[in-house]
Amino acid sequence: MNARYAIEIDGLTKRYGSMTALDRVSFRVERGELFGLIGPDGAGKTTLFRLLTTLMNPDEGTAAVDGLDCVASYRQIRSRVGYMPGRFSLYADLSVEENLAFFAALFGVRVADNYDLIAPIYRQIEPFRTRRAGKLSGGMKQKLALCCALIHRPSVLFLDEPTTGVDAVSRSEFWDMLAELKAKEISILVSTPYMDEADRCDRIALINEGHLLAVDSPRGIVSAYGERIYTLSGGDMYALLLAARRLPHVRRCCPFGAAHHLSVDADFDAAACRRQLMDEGFADVALQPAESGIEDVFIKLMNHE
Amino acid sequence: MNETVISVRNLTKCFGNFRAVDGITFDVGRGEIFGFLGANGAGKTTAMRMLCGLSCPTSGSGTVAGFDVLREGERIKRHIGYMSQRFSLYDDLTVLENIRLYAGIYGLSHRQTLRRTAELFARLDFRKERSQLVGALPLGYKQKLAFSVATLHSPEIVFLDEPTGGVDPLTRRQFWELIYETAAAGTTVFVTTHYMDEAEYCSRVSVMVDGQIRALDTPAALKRRFCAESMDEVFRLLAREAKRGD
Amino acid sequence: MGNFGSFIEKETLHILRDRRTMLVVLLIPVVLMTLFGFAISTEINNIDVAVVAPHRTESVRQAVERMASNPYCTFKGYIPSDEIDRVLRRGEAAAVAVFAADYDRIAAMPAPAEPAVQLIFDASNTNTAMSGAAYLQSILTGASTQASPVEMRLLYNPQMRSAYNFVPGIMGMIFILICALMTSVSIVREKENGTMEVLLVSPVRPMRIVLAKLVPYFMLSCINLATILLLAAYALDVPLSGSAGAIIAVSLLYLVLALALGLLISTIAEKQIVALIISAMLLMMPIVMLSGMLFPVENMPAVLQAISCIVPARWYIEAIRKLMIEGLPFAAVWREVLILLAMTVVFIVVSVKKFNDKLE
């Protein structure tokens with residue numbers, strides 16, 4: 001079966017009582033695409049995953065995975081997808097190899113059948129194969145969970161916040177692994193609350209409070225929604241932040257790491273503002289135009305809904 | 001640096017043969033925002049527990065808020081605030097009930113409690129939320145409230161353990177504004193995070209690798225030293241040297 | 001079907017790895033049997049008896065002598081009648097036998113119109129007092145040369161040893177504890193740990209995974225069944241006079257019932273603690289209180305008797321009592337077996353119907 005899209009969602013809505021967790025969400029994921037679902041906790045990411053992995057049924061709208069309807073054909077979908085839920089979902093009291101063997105049996109395959117697919121990842125944890133999964137480090141647990149989700153060579157892989165709570169180095173390694181899997185023609189839907197991971201995806205969907213804010217490539221999103229941004233730094237950063245908010249034609253000013261980000265109107269006069277800040281007593285004021293990032297866009301979109 | 005509020009020398013914690021924290025030495029001044037970075041398993045949590053008076057060091061010495069970390073753990077606890085992503089407030093109590101509880105724990109008088117509660121609500125712009133259950137608040141509100149509650153008793157130092165995990169970028173920035181404000185008012189902020197851009201907000205940053213502090217300086221100085229564009233790069237360069245997992 | 005074996009293997013590993021729990025499960029029957037068998041016995045081992053006798057006539061002395069020579073009684077001496085209360089209060093004696101002043105005359109009457117001996121008991125422990133009183137009465141009435149107005153004969157359990165009563169009760173309790181509690185907790189644990197999510201998103205029917213979970217617990221319970229029967233037969237000398245085969249057959253049915261009950265609980269509970277509370281409060285309490293394990297069902301108020309009908313353990317305990325203690329053949333317990341069978345079917349049907357292969 002060769003469906004055109006790995007995932008096709010149309011007007012998907014899910015409510016829990018009076019709370020709408022997902023509100024008319026629509027997007028498509030191409031075959032072999034690494035698609036990122038980016039949004040904070042409570043945005044509806046996990047709900048979307050549960051709908052697509054057939055763990056729940058939607059209240060409205062349709063969803064198809066691998067060309068199969070998520071409600072009508074949920075049994076077939078279950079044998080084709082790999083799913084790694086947000087929290088650690090292996091058996092802590094079983095060893096690395098016992099976990100892998102069990103998940104292989106669950107899908108009716110032998111570990112050897114698809115070893116080539118997991119080999120690059122599994123080799124990194126193989127030295128610890130007799131260790132209980134509960135005793136592994138965060139990064140290794142994550143690798144084992146990925147192996148278990150891949151052991152039956154799924155056509156679509158669902159990864160719900162695989163990098164949450166993991167340090168920057170392990171996170172980066174994890175994204176490298178996903179890039180390798182993508183090369184093996186596995187379509188991947190991955191969610192993350194870390195905006196800086198957006199650039200590792202082919203396309204992303206920004207989601208907040210159940211609403212889809214934008215869907216495009218990371219670059220496309222920035223060029224479509226980006227606005228004039230200036231970075232501002234120098235001296236007492238907190239006082240500078242408060243002062244910057246009083247400058248004319250500044251729409252918004254947020255602390256942004258090393259420098260504050262100012263989103264400004266067309267009439268913004270950088271040179272005048274810099275002078276004004278210097279006059280107010282700030283030393284070494286640097287005010288420079290910059291390109292918006294995904295976070296700037298996200299903040300803009302979530303403010304202007 | 002003016003007044004020192006945290007000062008540790010060769011602080012070490014062993015679990016059996018394992019040196020979780022291996023002789024760390026540093027000072028933190030009043031009103032500083034001190035970023036405490038490290039990969040998973042580098043020993044951050046263990047170190048933070050010792051500083052909070054929850055765990056006794058195997059060797060080394062130090063003072064936190066003027067009290068000895070070896071002998072005065074209980075007194076340290078009264079002079080610090082602590083907030084973590086995992087445990088902060090009781091979901092089944094209302095905002096006001098949570099505040100009263102913490103005020104009681106830290107022995108604030110009735111008048112102090114009333115005044116600081118009013119200040120807190122004004123600062124967070126809480127109105128109808130006051131009598132809501134904490135569990136019903138959006139995550140961002142909860143995190144900001146938790147931080148304000150952790151500083152309700154005007155501690156000298158507030159320890160934040162990954163305070164912004166999973167919150168949206170706007171709330172994250174509002175949260176950092178709170179941190180700035182608190183630090184500007186003279187409270188030292190000691191914070192761990194996995195967001196490397198947050199490391200840039202700190203006055204100084206330390207990076208722990210394998211139980212030791214491998215680098216400690218202002219973000220700008222660290223970036224210069226490692227010829228890196230961002231703290232993310234600095235962190236990766238250092239954390240790649242790690243020999244042990246967690 | 002090939003993966004069914006590996007599911008069972010996985011469950012067995014879970015149990016084996018949790019050594020402490022496994023040890024507790026295997027030791028519970030031994031501990032309970034020992035406790036009930038030797039320590040918390042309601043049987044009469046030793047009654048300290050003081051005697052009030054205004055006239056120590058020959059026949060009074062003979063009666064006292066018989067009592068004193070009985071292995072289950074200890075004669076604590078004669079006391080004046082105003083000492084009765086003090087002696088009982090201080091625990092110097094558990095019972096006082098008060099002989100009537102004209103004992104000889106009354107005892108000699110063919111049909112005594114008034115009591116010849118009054119037995120005063122410390123009834124702070126009702127069970128021992130009741131059985132002690134009955135026992136003492138039998139000694140004393142046996143003493144009279146004349147036919148006693150009341151004759152008591154204790155069938156099946158002539159020494160009134162409580163071991164006989166508690167063994168079926170313990171069996172009724174332990175199997176629910178292990179099968180229902182342990183299985184429900186272990187299934188709910190998968191929900192709580194998030195592994196259930198992964199299991200559901202797999203082509204395997206979740207029911208099969210759940211059934212595989214029941215197998216090792218069934219085996220564990222079989223070990224317990226063997227332990228209990230062996231302890232009963234050899235350590236407590238309970239004559240397994242009914243056919244051992246029938247006892248085992250009824251017990252196996254009860255095990256399946258308990259497993260089905262565990263499954264049912266797991267479909268309701270979302271957290272381990274809830275499963276634990278349901279099992280402990282909703283299952284154990286009625287079993288202990290209403291199944292006839294401690295208090296005879298016949299003596300309960302009608303409402304409680306009615307409730308006890310839906311407690312599976314009640315029927316199991318009744319059946320095992322008939323088989324084990326009364327030595328009746330299998331045919332005598334068909335009613336209980338049918339009820340247990342019907343309950344099992346209901347539990348299985350309901351839990352399969354309720355079992356959800358979605359998260360909501």
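How many bridges join strand 1 of chain A to strand 2 of chain A, and in which direction do the two strands run? In this predicted model, strand 1 (residues 5-16) and strand 2 (residues 19-30) of chain A run antiparallel and are joined by eight bridges. Together they form a hairpin with two residues between the strands. Look in the turn for A:G17, which has a positive phi of about 60°.

Strand 1 of chain A also pairs with strand 4 of chain A.

Now let's turn to where the two chains meet. The contact takes 28 residues from chain A and 30 residues from chain B. On the chain A side, helix 5 (138-150), helix 6, helix 8 (237-244), strand 12 (250-256) and helix 10 (294-303) each supply at least two residues. The residues of this side divide into 15 nonpolar, 10 polar and three charged.

The axes of helix 6 (residues 168-183) of chain A and helix 9 (residues 231-239) of chain B come within 9 Å and cross at roughly 90°, so the two helices are roughly perpendicular. From helix 6 of chain A, the residues A:A168, A:V169 and A:S172 meet B:D232, B:F235, B:R236 and B:A239 in helix 9 of chain B. The residues of this helix contact comprise four nonpolar, one polar and two charged.

Terms used
Residues numbered from 1 in each chain as written. Chains lettered and ligands numbered in written order. Predicted model: local features only at pLDDT ≥ 70, side-chain atom pairs only at ≥ 80, totals over all residues. Axes fitted to C-alpha atoms, helices over the stretch in contact; angles between N-to-C directions. Helix = DSSP H or I, 4+ residues; strand = E, 2+ residues; numbered from the N terminus. Parallel < 35°, antiparallel > 145°, perpendicular 65-115°, else oblique. Contact = placed C-beta atoms within 7 Å. Nonpolar A, V, L, I, M, F, W, Y, C, P; charged D, E, K, R; others polar. Pairing = 2+ DSSP bridges.
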